[in-house]
Amino acid sequence: MNEYDQRQYNLMKKCLEGFEIGNVNLRVLINSLRSLINALQEPDNKWKIKFMHEWWTLEEIYSIASDQEQNYLSKADSNAVYEATDKMKQLLKELTPQLSQSKE
């Protein structure tokens with residue numbers, strides 16, 4: 001993994017952490033993650049497909065809520081958002097050995 005991609009993965013992790021503690025809203029998270037994933041130079045395609053699947057969950061929930069002019073997500077939608085972000089964090093953890101090797 002090159003250093004540039006390593007930085008993108010670390011930024012993804014920081015965005016997810018920011019969302020988790022309430023410093024980043026869902027719209028910003030969605031846009032940031034899309035930009036970061038698109039900026040990757042040498043992603044593992046299987047990993048990227050899994051990550052984008054979870055990203056699409058966030059996008060879909062946000063889009064529907066926005067179209068319906070909802071200010072808050074339903075409990076079910078909130079649960080789906082947190083499940084997707086948890087899966088994203090897990091996918092990023094799968095890269096940890098590669099991230100560590102890239103630093104050496």
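Reader: Which does E83 count as, buried or partly exposed?
Author: Quick heads-up: this is a predicted model, where local features need pLDDT of at least 70 and side-chain atom pairs count only at pLDDT 80 or more, while totals for chains, interfaces and linings use all residues. Residues are numbered from 1 along each chain as its sequence is written, and side-chain values use heavy atoms, leaving out hydrogens and water. Buried means under 20% relative accessible area, exposed means over 50%, and partly exposed is in between, using a 1.4 Å probe and protein chains only. With 47% relative accessibility, E83 counts as partly exposed.

Reader: Which residue does the side chain of E83 meet in a salt bridge?
Author: A salt bridge here is a side-chain nitrogen of Lys or Arg within 4 Å of a carboxyl oxygen of Asp or Glu. For E83, the N to O value is 3.3 Å. The residue at the other end, partly exposed at a relative accessible area of 38%, is K87.

Reader: Why are K87 and E83 separated by about one helical turn?
Author: Helices are DSSP runs of H or I with at least four residues, numbered from the N terminus. Both K87 and E83 sit in helix α4. They're about one turn apart because their spacing along that helix is four residues.

Reader: How far apart are the closest N and O atoms in the salt bridge of K13 and E17?
Author: Both of these residues lie in helix α1, four residues apart, or about one turn. K13 is partly exposed at 44% relative accessible area, and E17 is partly exposed at 35%. Their closest N and O atoms have a separation of 3.9 Å.

Reader: Which residue forms a salt bridge with E20?
Author: The closest N and O atoms of this pair are 2.1 Å apart. It links distant parts of the chain, helix α1 and helix α4, 69 residues apart. E20 is partly exposed at 46%, and its partner is K89.

Reader: Which residue is linked with E20 and K89 in a network of salt bridges?
Author: K89 counts as partly exposed at 21% relative accessibility. The network takes in E20, K89 and one further residue, D86.

Reader: Which side chain of opposite charge is nearest to E54?
Author: E54 is found in helix α3, and it is buried yet has no salt bridge. On charge, Lys and Arg count as positive and Asp and Glu as negative, with His and the chain ends not counted. Leaving aside neighbours within four places in sequence, E54 is in contact (heavy atoms within 4.5 Å) with A84, K87 and M88. The nearest opposite charge, 4.1 Å away, belongs to K87.

Reader: Which residues is L29 in contact with, leaving aside neighbours within four places in sequence?
Author: L29 is among the residues with the most contacts inside the core. Beyond those neighbours, L29 is in contact with C15, L16, F19, V24, L58 and T85.

How values were computed
Core = buried A, V, L, I, M, F, W, Y, C linked by side-chain atoms within 4.5 Å. Helix = DSSP H or I, 4+ residues; strand = E, 2+ residues; numbered from the N terminus.
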